Amino acid sequence: LAVGCSDTYVRIISLEYSSCLVKISSFQTNSVYSVLFMNNPMFNKKENNYSLYIGGLDGILNVCNVDFITGNILDVKPYNISEDKNEVNIYKLNDKTVIVESAKKNLLFYSHLNKNYEASLDINHKVKFACGFKTP
């Protein structure tokens, strides 16, 4: 379980029966606005990692790899999404696709054929909602 707190820490908390609600690891950012925990690693090739997306009030997106076994935060990759210090929203479309949105910039993170990609979305408008779909 990933929990973003008002003290600017994101905590990874165990849901195992023997250690339920025990803090495993934590990561401090400048601010926390949105948090998304996914089961595919975006910038690490290890299959046994999760991805943790942390959107801040300061326009920064932190993408972290979390170890599947230990729950430790391994790597952190920061993205400056908004130079105007706007909040960063995160939308999960499916198990392999995430849209990250701020007032000035939209990014798409996705996985295709076991490769991870990131791309700018040229929408020119603020994203309010997003949903994924499959083609037949």
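Leu36 has Tyr53 as its bridge partner in β5, where strands (E, at least two residues) are DSSP runs numbered from the N terminus. The structure is a predicted model, in which local features need pLDDT of at least 70 and side-chain atom pairs count only at pLDDT 80 or more, while totals for chains, interfaces and linings use all residues. Residues are numbered from 1 along each chain as its sequence is written, and side-chain values use heavy atoms, with hydrogens and water left out.

The pair just named belongs to a wider arrangement. Strand β4 is joined to β5 (residues 49-55) by 5 bridges, and these strands run antiparallel. Two strands count as paired if DSSP finds at least two bridges between them.

Within strand β6 (residues 60-67) lies Asp67. Is this residue buried or exposed? Asp67 counts as buried because its relative accessibility is 14%; buried means under 20% relative accessible area, exposed over 50%, and partly exposed in between (1.4 Å probe, protein chains only). The side chain of Asp67 also reaches the backbone nitrogen of Thr70, at 2.7 Å.

A second open sheet can be followed in the same way. Its 3 strands stand in the order β1-β2-β3, and the pairing is antiparallel. Because β1 (2-4) and β3 (23-28) are at the edges with a single partner strand each, one side of each has no neighbour in the sheet. Neighbouring strands of this sheet are turned by 20° against each other on average, direction ignored. Strands β1 and β2 (residues 9-13) run antiparallel and are joined by 3 bridges. Gly4 has Val10 as its bridge partner in β2.

Leu1 sits in the segment before β1. With 43% relative accessibility, Leu1 counts as partly exposed. Together with Leu15 and Leu21, Leu1 forms a nonpolar patch on the surface, with about 320 Å² of accessible area in total. Such patches are made of residues with over 30% relative accessible area and no salt bridge, with nonpolar side chains (Val, Leu, Ile, Met, Phe, Trp, Tyr) joined within 5 Å and like charges within 9 Å. A salt bridge is a side-chain nitrogen of Lys or Arg within 4 Å of a carboxyl oxygen of Asp or Glu, and accessible areas come from the Shrake-Rupley method with a 1.4 Å probe.

How values were computed
Helix = DSSP H or I, 4+ residues; strand = E, 2+ residues; numbered from the N terminus. Polar contact = N/O pair within 3.5 Å; in protein donor to acceptor, adjacent residues only side chain to side chain. Axes fitted to C-alpha atoms, helices over the stretch in contact; angles between N-to-C directions.
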